[in-house]
Amino acid sequence: MRRQTIMLSRLATEAARRARLEERKRVLKESEARYRVLVDNSPEAIAVHRGGQLLFVNAAGASLIGVATGDMLVGRRIVDFIHRDDRSLMRPRAGPGTSRRQYRLIRVDGDIREVDAASVDIPYDGKPATQTVFRDVTERKQLEAMLMHEVLHDALTGLPNRSLFRDRLEHAMAVGMRHPERSVVVMFLDLDDFKAVNDRLGHEAGDQLLQIVAERIREELRAADTVARLGGDEFAILMEQVAAPDEVLPIVSRINGSLRRPILLDGRIMPVSASIGIAFAEIGEDVDTLLRNADVAMYEAKEAGKARHAVFEPAMHTAIVQRLQLESDLLAAAASPEASGLFLTYQPIVDLRTGEMRGVEALVRWQHATRGLIAPTVFIPVAERTGAIIPLGAWVLETACRQLVAWRTLWWTERWDPANRPSVSVNISSKQLQESDFVTTVADILARTNAPADCITLEITESVIMRDTEASLQSLQALKALGVRLAIDDFGTGYSSLSYLQRFPVDVIKIDRAFVEGVSRGGADAALARTILTLGQTLGLQTVAEGVETEPERVQLERLGCVLAQGYLFARPKPADEVTAWIRRRALAAPYAQQAAT
């Protein structure tokens with residue numbers, strides 16, 4: 001009986017154990033079923049694998065790989081769907097916990113998707129396995145790559161920008177330090193007169209030109225070279241592993257030749273040229289020094305006449321420092337002219353028939369504190385380039401107007417013949433004429449100085465008014481309305497047509513020295529001077545011959561009918577007090593000196 005009781009107890013215990021096991025199996029199956037439902041419907045791609053083989057792939061995972069259902073992938077090796085270059089990332093997991101990796105998956109159609117994979121150990125079908133959740137980051141990576149490309153590349157040309165160029169240059173110079181037998185070369189390339197393209201054809205045409213130029217430069221370089229757009233119309237070229245300087249200059253020649261090929265923009269063939277500066281990296285130089293040297297060489301090439309190249313030499317840096325110092329000094333001088341040594345001289349304009357002065361031309365000079373007297377041919381172009389010509393030109397006009405008033409007062413107090421009171425001519429630059437408020441500036445100066453407008457002649461070079469004839473015409477008409485006289489300076493050098501000359505409201509044409517110096521020899525030069533004089537008479541314009549230096553020139557000009565002239569033969573430019581003394585001596589010697597003013 002006892003044995004039977006023990007046996008029944010054991011049977012009951014075994015039955016209870018089996019019941020608990022069955023319950024656990026039922027709960028596990030229900031749990032796995034719920035897991036499958038949840039996982040299979042998850043928007044995240046999920047795979048379960050063991051020993052490198054896929055045991056389960058949900059619908060999102062199947063879609064990621066490009067198959068209809070996950071069952072089609074069960075039994076396949078997971079490594080078969082990983083890019084061969086990324087398979088090394090699939091090393092066995094070290095220890096428990098979640099591991100994250102990024103690699104590329106290959107879909108069944110061959111398309112490549114980048115994924116962020118998070119793996120964790122789980123039991124599956126009662127055995128250890130690994131569950132990996134895949135997040136497709138392809139679009140995010142593409143966006144990041146696009147943004148990075150935009151950060152490091154020029155949007156217009158697609159070329160590397162300044163930041164990427166500098167990064168590549170730093171790397172090239174680091175490599176170059178280990179291989180000093182091969183050079184690193186930087187070239188700066190700046191298009192000549194690019195602003196004229198934007199002004200004439202608009203910025204859209206200018207952008208198109210830059211794209212064409214970028215492509216042509218790229219075509220002439222070696223495969224390993226880098227060309228970048230630094231901004232505006234400036235490009236940079238990096239050449240690495242250059243064995244000898246002879247490798248560089250042929251490439252420069254090819255680039256220049258390529259740019260010279262005709263470029264059609266907006267129905268017009270545009271000439272294109274560039275100034276190129278070349279700098280070879282020296283041992284011990286840093287990136288900034290090399291870039292500066294290339295820039296200095298480019299500037300030297302442009303100053304030498306454009307459409308050429310220059311190789312950096314140390315003396316160039318000294319010269320550019322001096323030029324920059326001159327620019328700085330000139331900007332300061334334009335703000336305070338008299339205190340900085342700027343002053344005016346005046347060159348008489350005389351009547352060839354009587355030798356009497358009929359006017360003066362105001363000419364600016366600069367007595368620099370440390371460099372001495374600087375020629376106008378040196379500092380005027382700097383003033384044009386820096387914009388200092390705007391305040392400087394206004395000061396010149398106002399100073400000349402005040403001097404004119406002083407001379408008119410002298411005429412009145414000395415009771416000299418009022419018919420011989422001088423006028424003053426002042427040169428106007430292209431930058432001044434382009435200023436929207438230039439006419440207002442002139443009007444204000446006339447009002448402040450009380451100078452008679454009809455005794456002021458504004459001289460504009462022929463080439464300036466021919467650049468933008470319609471805008472120039474409007475400005476000249478507005479100036480003429482103030483009552484001032486207008487002169488075309490250096491006439492004959494700008495190749496203006498008669499029709500243009502008739503449209504401009506000018507009063508005076510000044511014959512350029514280039515035509516004057518040959519009149520005494522006769523021939524073509526004399527014929528040209530005669531033509532200009534005849535043109536002036538026909539249009540009712542006053543004509544002044546510039547740069548008369550010899551008596552034969554004076555005699556021949558008078559024979560040709562020229563009335564007014566200026567030049568060293570009569571008087572060199574003088575400060576105002578010397579001109580006043582010169583006027584006084586000539587006035588006292590003249591028979592009208594004692595005539596009463598009327």
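Let's start with a nonpolar patch on the surface: Leu143, Met146 and Leu147, with about 260 Å² of accessible area together. Patches here are made of residues with over 30% relative accessible area and no salt bridge; nonpolar side chains (Val, Leu, Ile, Met, Phe, Trp, Tyr) are joined within 5 Å, like charges within 9 Å. The areas come from Shrake-Rupley with a 1.4 Å probe, and for residues only the protein chains shown count as cover.

Leu143 sits in helix H3, residues 138–152. Helices (H or I, at least four residues) and strands (E, at least two) are DSSP runs, numbered from the N terminus. Leu143 counts as partly exposed because its relative accessibility is 42%. The classes are these: buried is under 20% relative accessible area, exposed is over 50%, partly exposed is in between, with a 1.4 Å probe and protein chains only.

A word on the model. It is predicted, so local features need pLDDT of at least 70 and side-chain atom pairs count only at pLDDT 80 or more, while totals for chains, interfaces and linings use all residues. Residues are numbered from 1 along each chain as its sequence is written, and side-chain values use heavy atoms, with hydrogens and water left out.

Next, strand E14, residues 357–368. E14 is mostly covered: 10 of its 12 residues are buried. Which strands pair with E14? Strand E13, residues 342–351, runs antiparallel to E14, with 9 bridges. Strand E16, residues 423–427, runs parallel to E14, with 4 bridges. Strand E15, residues 372–374, runs antiparallel to E14, with 3 bridges. To count as a pair, two strands need at least two bridges between them in DSSP.

Tyr346 has Ala362 in E14 as its bridge partner. Gly359 is partnered by Ser423 in E16. His368 stands opposite Gly372 in E15.

Two hairpins here. E13 and E14 form one, with 5 residues between them, and Gly355 in that turn has a positive phi of about 80°. E14 and E15 form another, with 3 residues between them. In a regular strand, side chains alternate between the two faces of the sheet.

On to the rings. A pair of aromatic rings is described by the distance of the centres and the angle of the planes. Rings of Phe, Tyr and Trp (its six-membered ring) pair if their centres lie within 6.5 Å; planes under 30 degrees apart are stacked, over 60 edge-to-face, the rest tilted. The count comes to 3 aromatic pairs by this rule. In one of them, Tyr346 and Trp407 have ring centres 5.1 Å apart and planes at 75°, so the pair is edge-to-face. This pair links distant parts of the chain: Tyr346 is in strand E13, Trp407 in helix H11 (residues 389–414), 61 residues apart. Tyr346 and Trp407 are both buried.

Another pair is Trp366 and Phe379: centres 5.7 Å apart, planes at 80°, therefore edge-to-face. Trp366 lies in strand E14 and Phe379 in helix H10 (residues 376–386), so this pair ties together parts 13 residues apart in sequence. Trp366 and Phe379 are both buried.

Last, salt bridges. The structure holds 35. Each is a side-chain nitrogen of Lys or Arg within 4 Å of a carboxyl oxygen of Asp or Glu.

Take Arg254 and Glu220, with the closest N and O atoms 3.4 Å apart. That pair links distant parts of the chain: Arg254 in helix H7 (residues 248–260) and Glu220 in helix H6 (residues 203–220), 34 residues apart. Are the two ends buried or partly exposed? Arg254 is partly exposed because its relative accessible area is 40%. Glu220, at 16%, is buried.

Then Glu300 and Arg323, closest N and O atoms 3.3 Å apart. Glu300 is in helix H8 (residues 287–303), Arg323 in helix H9 (residues 314–335), 23 residues apart. Glu300 is partly exposed at 26%. Arg323 has 19% relative accessibility, so Arg323 counts as buried.
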